[in-house]
There are 2 protein chains.
Amino acid sequence: MFKGKKNMGAGSFLYPTPLVLCGTYDSSGRPNLATLAWAGICCSEPPAVQISIRKQRHTYSSIIEKKEFTVNIPSIKHTAEADFCGMASGRSVDKFDRARLTPLHGQFVDAPIVDEFPFCLECRLLHTFIIGSHDIFIGEILASWVREDCLSDDGGPDPLKMAPMVYTPTKGGGIYYTIGDACGKAFDAGKSLMETVNL
Amino acid sequence: MFKGKKNMGAGSFLYPTPLVLCGTYDSSGRPNLATLAWAGICCSEPPAVQISIRKQRHTYSSIIEKKEFTVNIPSIKHTAEADFCGMASGRSVDKFDRARLTPLHGQFVDAPIVDEFPFCLECRLLHTFIIGSHDIFIGEILASWVREDCLSDDGGPDPLKMAPMVYTPTKGGGIYYTIGDACGKAFDAGKSLMETVNL
């Protein structure tokens with residue numbers, strides 16, 4: 001035991017994780033969305049993203065079949081829609097229709113992006129890795145679409161205008177949070193400590 | 001092209017990503033920390049986390065050698081220390097010492113956790129997957145330590161007390177953000193949409 005610490009056990013805990021919706025067309029051609037908190041960037045050359053999905057999910061078989069998918073980042077104004085897409089199954093429900101979201105066919109892949117969402121990635125399946133309850137899909141990022149109303153003056157995405165959500169597991173259930181204030185710049189906030197190294 | 005959208009190209013973009021520090025002992029036994037924004041949960045059975053690291057980094061060889069590592073979540077009050085540990089190399093600098101952080105030897109693995117940080121995972125290497133510039137290490141989570149001053153009344157971790165950072169890539173460089181207000185509960189925020197399915 002460590003003094004002043006509590007062991008929460010062997011669980012899938014990370015604070016926070018991103019919240020994304022994976023877009024696919026299923027075997028009948030219907031666009032579908034799966035809400036995932038288990039996703040992350042995993043490579044820069046090639047640029048690649050990992051998503052982890054249970055074999056039982058409808059999206060799993062769509063990715064295996066099409067070998068293409070999208071990763072769509074909702075804004076906090078789409079909290080209800082994002083949560084809904086993690087509860088309903090695309091086997092029985094047209095989630096785009098129910099959530100009043102607009103599927104746009106990808107420019108680079110055979111998968112739908114969400115028109116209303118601030119940021120979307122088009123991905124081609126590079127690898128499938130078997131882990132356990134969940135498998136990992138690695139997608140090469142072929143394009144990244146940002147809504148023009150979420151751009152900053154320099155022409156790049158503005159995180160606060162995009163207003164993405166993050167997910168945190170808690171004992172009482174998962175909670176979605178906004179992102180708040182900036183607290184530093186990368187390769188800048190640690191400069192004073194770095195100076196002690198270079199002396 | 002999509003109307004009202006801009007293609008930012010094929011890049012490693014996700015908004016936001018977590019920010020974690022990977023803890024290892026190197027071959028000389030010195031504790032080390034590598035700051036990573038490319039990490040995520042990837043499985044629940046076994047509970048597992050993925051981290052992506054370039055082969056050139058000192059931490060890469062330590063994980064290959066020890067097959068054990070920790071994932072440590074800094075609080076916003078450690079922004080400078082976290083950023084510093086992404087700039088300096090453990091080959092030439094004792095980062096724990098410079099950043100005035102305290103390494104505690106893991107209870108389950110031969111890797112150090114950061115005493116001052118609100119949340120730490122102890123991980124055993126399950127898989128190494130080759131992707132490209134970065135490889136993916138999959139770690140089975142054996143323990144998760146939360147500081148007692150970051151617990152909520154129900155005995156679980158309180159995300160706002162932990163005050164983790166997130167990372168966002170922008171055109172002008174990476175920015176660290178706090179997490180802000182809660183904007184919904186998982187499996188709750190979408191209930192009204194779910195009710196239309198169950199009619």
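This is a predicted model: local features need pLDDT of at least 70, side-chain atom pairs count only at pLDDT 80 or more; totals for chains, interfaces and linings use all residues.
Strands (E, at least two residues) and helices (H or I, at least four) are DSSP runs, numbered from the N terminus. Two strands count as paired if DSSP finds at least two bridges between them. Within E11(B), B:Arg147 stands opposite A:Lys5.

Residues are numbered from 1 along each chain as its sequence is written, while chains are lettered from A and ligands numbered from 1 in the order in which they are written. Local features need pLDDT of at least 70, side-chain atom pairs count only at pLDDT 80 or more, and totals for chains, interfaces and linings use all residues. Here pLDDT is the predictor's confidence in each residue, from 0 to 100. Chain A has a mean pLDDT of 96, and 99% of its residues reach 70 or more. The complex receives an ipTM of 0.96 and a pTM of 0.97 from the predictor.

The contact between the chains takes 99 residues from chain A and 99 residues from chain B. Residues are in contact if their C-beta atoms, placed from the backbone, lie within 7 Å. On the side of chain B that touches chain A, strand E13 (residues 175-185) of chain B gives the most, with 11 residues. By class, this side has 57 nonpolar, 29 polar and 13 charged residues. Ala, Val, Leu, Ile, Met, Phe, Trp, Tyr, Cys and Pro count as nonpolar; Asp, Glu, Lys and Arg count as charged; the others, Gly among them, count as polar.

An open sheet of 6 strands has antiparallel pairing and the order E2(A)-E12(A)-E13(A)-E13(B)-E12(B)-E2(B). Strand E2 (17-18) of chain A and strand E2 (17-18) of chain B stand at the edges; each has a single partner strand, so one side of each is left without a neighbour in the sheet. Strand E12 (residues 165-168) of chain A pairs with strand E13 (residues 175-185) of chain A in the antiparallel sense, over 4 bridges. A:Met165 stands opposite A:Thr178 in E13(A).

Chain A comes to 5 helices and 13 strands. Its strand E7 (residues 68-73) runs antiparallel to strand E10 (residues 119-130), joined by 6 bridges. A:Phe69 has A:Cys123 as its bridge partner in E10(A). E10(A) in turn runs antiparallel to strand E11 (residues 134-147) of chain A, with 11 bridges. A hairpin joins these two strands through 3 residues. A:Arg124 stands opposite A:Glu140 in E11(A).

Of the 199 residues in chain A, 56% are buried. A residue is buried if 20 or more other C-beta atoms lie within 10 Å of its own, exposed if 12 or fewer, and partly exposed in between. The largest nonpolar core has 126 residues. Such a core is a set of buried Ala, Val, Leu, Ile, Met, Phe, Trp, Tyr and Cys residues joined through C-beta atoms within 7 Å. Residues with the most contacts inside it include A:Val49 and B:Val49. Among the residues that A:Val49 touches are A:Leu121, A:Cys123 and B:Leu14.

In helix H1 (residues 58-66) of chain B, the buried residues are B:His58, B:Thr59, B:Ser62 and B:Ile63. Seen down the helix axis, they fall within an arc of 130 degrees, so they line one face of the helix. The arc is that of the directions from the axis to the C-beta atoms. These buried residues pack against several strands of chain B, including strand E3 (20-25) and strand E4 (31-36). Just after H1(B), B:Lys67 takes a positive phi of about 60 degrees.

How values were computed:
Two residues are in contact if their C-beta atoms, placed from the backbone, lie within 7 Å. Lists of a residue's contacts leave out its neighbours within four places in sequence.
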